[in-house]
Amino acid sequence: MTDQTSPTNDVRLRTTLAGVPAYKAGKPAAPRTDVTTYKISSNENPYPPLPSVLKVVQDAATSINRYPDMAVSGLTHRLAETLDVPVEHLATGTGSVGVLGQLLQITCEPGDEVVYAWRSFEAYPIVVALAGATSVQVPLTADARHDLDAMADAITDKTRLVIVCTPNNPTGPAVHADELDAFLAKVPSDVLVVIDEAYLEFGRDDAAPVALDLYRAHANVAVLRTFSKAYGLAGLRVGYCVAQAPVAEALRKAAVPFGVNALAQEAAIASLDAYDELAERVDALVAERVRVLAALREQGWPVPDSEANFVWLPLGDDTVAFAEAADAAGLVVRPFAGEGCRCTIAETEANDRLIEVAAAFRNR
């Protein structure tokens, strides 16, 4: 039998790792014999890949013995055409969170500050800490929205990056164009403002900004997007950033070589080609979101507006108890202890289950 005794480990790791929180992925739904279980904890698109998209992935898989195109040329040119932006203003990466990590690498030295709303995307404090930078978290307003005035006040000489998540994950509201215009007028020109639009396609708020117009008007604005949500390619990890040429060029330098694999690139291009078909699915999810929000509000829940593919239940100290009640009913939600639960809009049956669980919990 092999000796399992571990040798003394004197490897010196970065001290900043002690302050890096662990990312908590959405808990999967365990199969049960008594009830159909649903996972609504990860903001995944519940629809399977389109046949046309699946076909190009299958075809691309025949050459996985070869490295992919390091420049991601096909997708980059297709995005440039779709978005009407120069190719030089685009950079890709392994999901929007991968590109965000690149943004931190190109802007922050140890000790620099990154301003963002909180609560917001759970990965923000992780990527900031890994860059050796300091998070400056600005509390959301009482209605779960960005407080852009307070975020502007939080900017100091040490600030290198500001993240605006719209719609905000996990609470759902989008920032408004007039608010963002006023905010950008206060941000120093040497501070990069990243507009994270991971859930853009689900938005129906007429007051929301057109982020690409802001990138064209402000040299210090970058727009971050993903194919994981509306396009249903979460498992392939591909995202991108639109920014002015110096920022985009730096992002490409910071990219992991061959990070966007061949299957992901071909699937993303095919998804852009099939967007009209995908849009029908997005519209269906938005209709379900409207239905779920209305039902929850009728029950008396103070749920904020959502422009994403999820709803937020502000449960406070009841958060863990609600998540346990949902789990007992075969429904896995995403709890943030002491704050609330994020619940993805999924299959109609899953949404019905959420409404039922919420009603029972409210009336317990």
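A charge sits over a ring if NZ of Lys or CZ of Arg is within 6 Å of the ring centre and within 35 degrees of the ring normal. In this predicted model, local features need pLDDT of at least 70 and side-chain atom pairs count only at pLDDT 80 or more, while totals for chains, interfaces and linings use all residues. Residues are numbered from 1 along each chain as its sequence is written, and side-chain values use heavy atoms, with hydrogens and water left out.

**Charges over rings**
- Arg 364 lies over the face of Phe 361, at 3.8 Å from the ring centre.
- The charged end of Arg 362 is placed over the ring of Trp 301, 4.9 Å from its centre.

**Aromatic pairs**
- The structure holds eleven aromatic pairs, where rings of Phe, Tyr and Trp (its six-membered ring) pair if their centres lie within 6.5 Å, with planes under 30 degrees apart counted as stacked, over 60 as edge-to-face and the rest as tilted.
- Tyr 231 and Tyr 275 form a tilted pair, 5.7 Å centre to centre with 45° between the planes.
- Trp 312 and Phe 336 also form a tilted pair, at 5.9 Å centre to centre and 50° between the planes; Trp 312 lies in strand E9 (residues 310-313) and Phe 336 in strand E11 (residues 334-336), so this pair ties together parts 24 residues apart in sequence, strands being DSSP runs of at least two residues numbered from the N terminus.
- Ring pairs link Tyr 116, Trp 118, Phe 121 and Tyr 124 into a cluster.

- Trp 312 and Phe 336 are both buried, meaning under 20% relative accessible area, against over 50% for exposed and in between for partly exposed (1.4 Å probe, protein chains only).
- Tyr 231 counts as buried because its relative accessibility is 12%, whereas Tyr 275, at 29%, counts as partly exposed.

Conventions:
Helix = DSSP H or I, 4+ residues; strand = E, 2+ residues; numbered from the N terminus.
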